[in-house]
Amino acid sequence: MSTNGTDRRRHRRTARLAVVAVGTAVGTVVARRLGYGIGGNTVVRCRQGHLFTTLWVPGVSLKAVRLGWWRLQRCPVGRHWSLVVPVRAADLAPEVLAEAKQHHDVRIP
Ligand SMILES: [Zn+2]
């Protein structure tokens, strides 16, 4: 009897983890379809308008405080901490995009 109950609880927890994993994967795919480079090198803009490239891996972050779509992290252009948000590469002029790609923060997620 009690063994069955334990098995059911363990199964529910596994199912919940699976839902979170699938949700993260789907969010990444949707963001990529929308033109964001989520899941790798992503162009982001800080609150002061600086553009730079960062490694943006959904669900994983060692160097930034995650606030949903926003992240608090160090801006390598202005050398300050700021909220940053991904920008669509397609929305940027080629020369602006090239400039953003020259600025890359530390290569850890
Ligand atoms: Zn900045």
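**Note on the predicted model**

1. In strand β5, the residue that V44 has as its bridge partner is P86. Strands here, like helices, are DSSP runs numbered from the N terminus, with at least two residues (E) for a strand and at least four (H or I) for a helix. This is a predicted model, in which local features need pLDDT of at least 70 and side-chain atom pairs count only at pLDDT 80 or more, while totals for chains, interfaces and linings use all residues. Residues are numbered from 1 along each chain as its sequence is written.

2. For the overall plan, the protein has two helices and five strands, and along the sequence they follow the pattern α-β-β-β-β-β-α.

3. Strand β1 (residues 40–46) and strand β5 (residues 80–86) run antiparallel and are joined by three bridges; two strands are said to pair if DSSP finds at least two bridges between them. Strand β4 (residues 70–75) also runs antiparallel to β5, and here five bridges join the two, with L72 standing opposite L83 in β5.

4. The hairpin of β4 and β5 has four residues between its strands, and R79 is found in that loop. Phi of R79 is near 50°, which is a positive value in a residue other than glycine. R79 counts as exposed because it has 8 C-beta neighbours inside 10 Å; the cut-offs are 20 or more other C-beta atoms within 10 Å for buried, 12 or fewer for exposed, and partly exposed in between, with C-beta atoms placed from the backbone.

5. W56, found in strand β2 (residues 51–56), counts as buried because it has 24 C-beta neighbours inside 10 Å. Although W56 and N41 are 15 residues apart along the chain, their C-alpha atoms are separated by 6.2 Å.

6. The largest nonpolar core consists of eight residues, namely V43, V44, C46, L51, F52, C75, V84 and A100. Such a core is a set of buried Ala, Val, Leu, Ile, Met, Phe, Trp, Tyr and Cys residues joined through C-beta atoms within 7 Å. The elements that give two or more residues to this core are β1 and β2, and the largest share, three residues, comes from β1. In soluble globular proteins, nonpolar side chains tend to be buried together.

7. Leaving aside residues up to four places away in sequence, L51 touches V43, R45, V87, V96, E99 and A100, where contact means C-beta atoms, placed from the backbone, within 7 Å. Of the contacts in the protein with a separation of 6 or more, 61% are between residues 24 or more positions apart.

Note on methods. Two residues are in contact if their C-beta atoms, placed from the backbone, lie within 7 Å.
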